[in-house]
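This report concerns the pockets, nonpolar cores and salt bridges of one protein model. Please consult the sequence and structure below while reading.

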Amino acid sequence: MEQAIKHCEAGIGSWEWASNDRGLEPDVVMACCGDVPTLETLAAVDLMRKHLPELKVRVVNVVNLMKLQPQEEHPHGLPDSEFEVLFTKDKPIVFAFHGYPWLIHRLTYRRPNHGNLHVRGYKEEGTTTTPFDMVVLNELDRFHLVADVIDRVPGLGPTAAYAKQAIRDKLIEHRQYIERHGEDMPEVREWTWGRA
């Protein structure tokens with residue numbers, strides 16, 4: 001609880017417990033803001049550990065969006081040097097956001113490494129369906145996030161082809177399951193971090 005309080009007070013930070021870069025340069029930064037995007041980001045990281053175990057991932061959680069702005073723009077903003085420490089100078093960033101993606105781009109457009117920033121967020125897609133399917137329809141789910149990583153991290157090679165096929169298969173399985181049962185798959189509904 002003490003760590004959570006410190007993280008919320010800081011407004012932004014990397015989650016060592018969810019990351020595996022451990023003092024090394026990550027291959028990708030998985031950033032998130034909002035409850036559902038954070039859950040889906042963690043589930044995506046879990047899938048990457050299974051399908052792409054060699055991939056070094058840093059998870060950055062944002063509580064205060066104003067931290068994304070430069071210090072000159074907002075009193076809560078981070079200096080560029082601190083922004084680079086979290087988001088790197090040149091690695092792909094996949095950012096899951098609970099609002100419109102353009103907002104994250106507007107807040108970070110003058111930041112270093114903005115060119116490698118890819119944001120998934122609300123696309124005004126959906127209908128009466130399951131909670132997870134709403135996330136899938138907006139392409140903010142764990143499977144689309146993993147596919148983004150595969151598409152953006154150079155050098156994943158042949159390993160990524162099998163992972164991408166597994167992701168596509170899961171999306172098909174998801175669609176078939178909800179059409180048949182009218183609810184999300186148990187592996188989605190009951191997913192928790194760290195469960196084998």
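The sections below treat the salt bridges, then the cores, then the pockets.

The model is predicted, so to speak of local features requires pLDDT of at least 70, while side-chain atom pairs count only at pLDDT 80 or more and totals for chains, interfaces and linings use all residues. Residues are numbered from 1 along each chain as its sequence is written, and side-chain values use heavy atoms, with hydrogens and water left out.

**Salt bridges**

A search of the whole structure finds 16 salt bridges (a side-chain nitrogen of Lys or Arg within 4 Å of a carboxyl oxygen of Asp or Glu). Three of them are tabulated here.

| Pair | Closest N to O distance |
|---|---|
| Arginine 120 and aspartate 148 | 2.7 Å |
| Lysine 123 and glutamate 139 | 2.8 Å |

Helices (H or I, at least four residues) and strands (E, at least two) are DSSP runs, numbered from the N terminus. Arginine 120 is buried at 14% relative accessibility, and aspartate 148 is buried at 3%. Lysine 123 is partly exposed at 38%, as is glutamate 139 at 25%. Here buried means under 20% relative accessible area, exposed over 50%, and partly exposed in between (1.4 Å probe, protein chains only).

**Nonpolar core**

A nonpolar core is a set of buried Ala, Val, Leu, Ile, Met, Phe, Trp, Tyr and Cys residues joined through side-chain atoms within 4.5 Å. The largest one holds 35 residues, and those touching the most other members are Val28, Met30, Met48, Leu55, Val57 and Val149. H2 supplies the largest share of this core, 6 residues.

**Pockets**

A pocket is an open set of points on a 1 Å grid over the protein atoms alone, where a 1.4 Å probe fits, with protein on both sides within 12 Å along at least five of seven lines; lining residues have an atom within 4 Å of a point. The largest pocket holds about 350 Å³ of space, the volume being the space filled by probe spheres set on the points, which are joined across faces, edges and corners. Its lining comprises 16 residues, with Asp46, Leu47, Lys50, Glu187 and Trp191 nearest the centre. H2 gives the largest share of that lining, 6 residues.

The second largest pocket holds about 210 Å³. Helix H1 (residues 2-10) contributes the most to its lining, with 4 residues.
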